[in-house]
Amino acid sequence: MISYLWGFLENLLKEHQASSCLEILDSVGQRRLFLTCGDILPVSLSLSGRKAYTSYVFRMPSDSVIAGLSNFGHVSLLDAPYCFLPGGDIYQPGNSSTPSLFIGLSTNRPDKDKVFVKNLVSGLSDVSSDSTKGSSRNDK
């Protein structure tokens, strides 16, 4: 999985000139992976983690949360540790009912972060399904 993630970030840099920061939290909100690729913007260091954390807390993509919170009126949504910008998402392998990974991706192309993270999650699903075909649980 890590080689896929690294390849994905390298592809963003080559194909889209998108330097990136990726943070992944596990099902209990603990950081499990942090990767950077290219000349990242300093703000990406915090945004990737905040996007992942927002997806973890609200159990939905970071940019989808804001629609649900609009009923609360004018509350300060800029307080740490949340980030409601696109780039936070959930990877749920197989048909598990509990999401296992919360992903935060921040690039120097923020207008593309939503597409990039959706492609990343889709690719993780493909990698996961490919790795389980024809293998047993005892393989190491």
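Which residues point one way from β4, and which the other way? That was my starting point with this predicted model.

**Entry 1: strand β4.** I looked up the strand at residues 101-107 and found that seven of its seven residues are buried. L101, I103, L105 and T107 point one way, while F102, G104 and S106 point the other way. I jotted down the general rule beside this: side chains in a regular strand alternate between the two faces of the sheet.

**Entry 2: neighbours of β4.** Next I checked what β4 pairs with. Strand β1, residues 20-25, runs antiparallel to β4 and is joined to it by six bridges.

**Entry 3: S44.** Then I turned to helix α2, residues 42-58, where S44 sits. Leaving out residues up to four places away in sequence, S44 touches C21, S106 and T107. I count S44 as buried because its relative accessible area is 2%, under the 20% cut-off.

**Entry 4: cysteines.** I looked at two cysteines, C21 and C83. C21 is buried at a relative accessible area of 0%, and C83 is buried too, at 5%. How many disulfides does the structure hold? I found zero. A disulfide would be a covalent bond between the sulfur atoms of two cysteines.

How values were computed:
Residues numbered from 1 in each chain as written. Predicted model: local features only at pLDDT ≥ 70, side-chain atom pairs only at ≥ 80, totals over all residues. Heavy atoms only, no water. Helix = DSSP H or I, 4+ residues; strand = E, 2+ residues; numbered from the N terminus. Buried < 20%, exposed > 50% of the residue type's maximum accessible area, 1.4 Å probe, protein only. Contact = heavy atoms within 4.5 Å. Disulfide = S-S within 2.5 Å. Pairing = 2+ DSSP bridges.
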